[in-house]
Amino acid sequence: MTEIGRWTDGLEEQAARALPPEIYGYFRRGAGQGLSAAEAATSWDRLRLRPHVLRDVSVCDTSTTVLGTPVGTPDLVAPSTLQRRADPEGEAATARGVARAGSLLAVTSNTAILFSALPASEAPWWVQVYVARDRSLTVEVLERAKSAGARAVVLTVDNPVIGSQGKPGAHVADFVGPEDLYGNITGIPAREAAEHAPDLTPDVIGWLREQTGLPVVVKGVLRGDDAREFAAAGASGLLVSNHGGRQLDGLVPTAWALPEVADAVAGTGTEVYVDGGLRRGTHILAALALGARAVFVGRPVLWALTVAGDAGVARLLGELTGELAEAMRLTGMSSLDRVARDLLWTGPPVVS
């Protein structure tokens, strides 16, 4: 697949014209001056590949597994709030596109869409949670998600408080109603009860496993020492993420943090994933070389969902997977298990 005529080019601009300004602004914004949000993609752009040549790439296999679930691509869909504002069917539409692409999605607990609407898509999915001050709310969400077929719990840990940086519209509840957020909770909770618990420790990983019997993925890891601690506490997976640059500006890009996290848990069986700024097949290949088993894509999915619904999501994931397959062939990789750190240049950094 060539760079000419990428469907994803210009997709955000199309979505911006279709979305209400406050919703587009919420999807797009970063914390502070937006430095971390802006450099997410450019940090992947600076990495350079060292291809093998004279390798048989007549067959190129992009399939893998994540926590034992087979997927046709390592390009997965990140949890995002307010998807129903992008498409009336919200995550149900996203899930149909994901199923067509042979991928997997994480579904936010802050959704108006019933978890019971997801199984018909046949897409495998994980439920993302924030542990609330009132833990009974979290338990209810977990029970409903497991009953509907969620295969893992994604615990977001990088926002014990909402990092507004003084910006209006920093929290979705500032401009939407509870009916847009709590579709899987009986009754509309008081905002204070639903706020993120600020007193969590690694013990919460075991608590989530006890509540659900499901594997737990910790989202928001940027350090190797944290990674080791969470793996020891029972995490089955770690998602290297800086929350899309939305919480605190000036955080390390995920492309820089990934190698340290992957190295910290190498050999433990803990799977590592990454999100943040992955926009091209070469980005995905570089992430796999740095130690990720799969990647999660966020904002581009929202743009695709806005512009073309489930078909847009399928097309976006298909395009990225096609670009990944081309990059694999051009670097001598016939399957993902052949991708290793030595595929990347480790000399002087590229400055752009």
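Entry 1. I began with α11 and α12: Gly-281, Thr-282, Ile-284 and Leu-285 in α11 meet Leu-320, Glu-323, Leu-324, Ala-327 and Met-328 in α12, where contact means heavy atoms within 4.5 Å. I sorted the residues of this contact into six nonpolar, two polar and one charged; Ala, Val, Leu, Ile, Met, Phe, Trp, Tyr, Cys and Pro count as nonpolar, Asp, Glu, Lys and Arg as charged, and the others, Gly among them, as polar.

I note the basis: this is a predicted model, in which local features need pLDDT of at least 70 and side-chain atom pairs count only at pLDDT 80 or more, while totals for chains, interfaces and linings use all residues. Residues are numbered from 1 along each chain as its sequence is written, and side-chain values use heavy atoms, with hydrogens and water left out.

Entry 2. I then turned to α5 (91-101). In α5, Ala-93, Thr-94, Arg-96, Gly-97, Val-98, Arg-100 and Ala-101 meet Val-301, Leu-305, Asp-310, Ala-311, Val-313, Ala-314 and Leu-317 in α12. I find nine nonpolar, two polar and three charged residues in the contact of α5 with α12.

Entry 3. Where is Ser-103 found? I located Ser-103 in the loop between α5 and β4 (105-108); helices (H or I, at least four residues) and strands (E, at least two) are DSSP runs, numbered from the N terminus. Ser-103 has a relative accessible area of 2% and is buried (under 20%, 1.4 Å probe, protein chains only). Among the residues Ser-103 touches are Val-98 and Leu-317.

Conventions
Buried < 20%, exposed > 50% of the residue type's maximum accessible area, 1.4 Å probe, protein only. Lists of a residue's contacts leave out its neighbours within four places in sequence.
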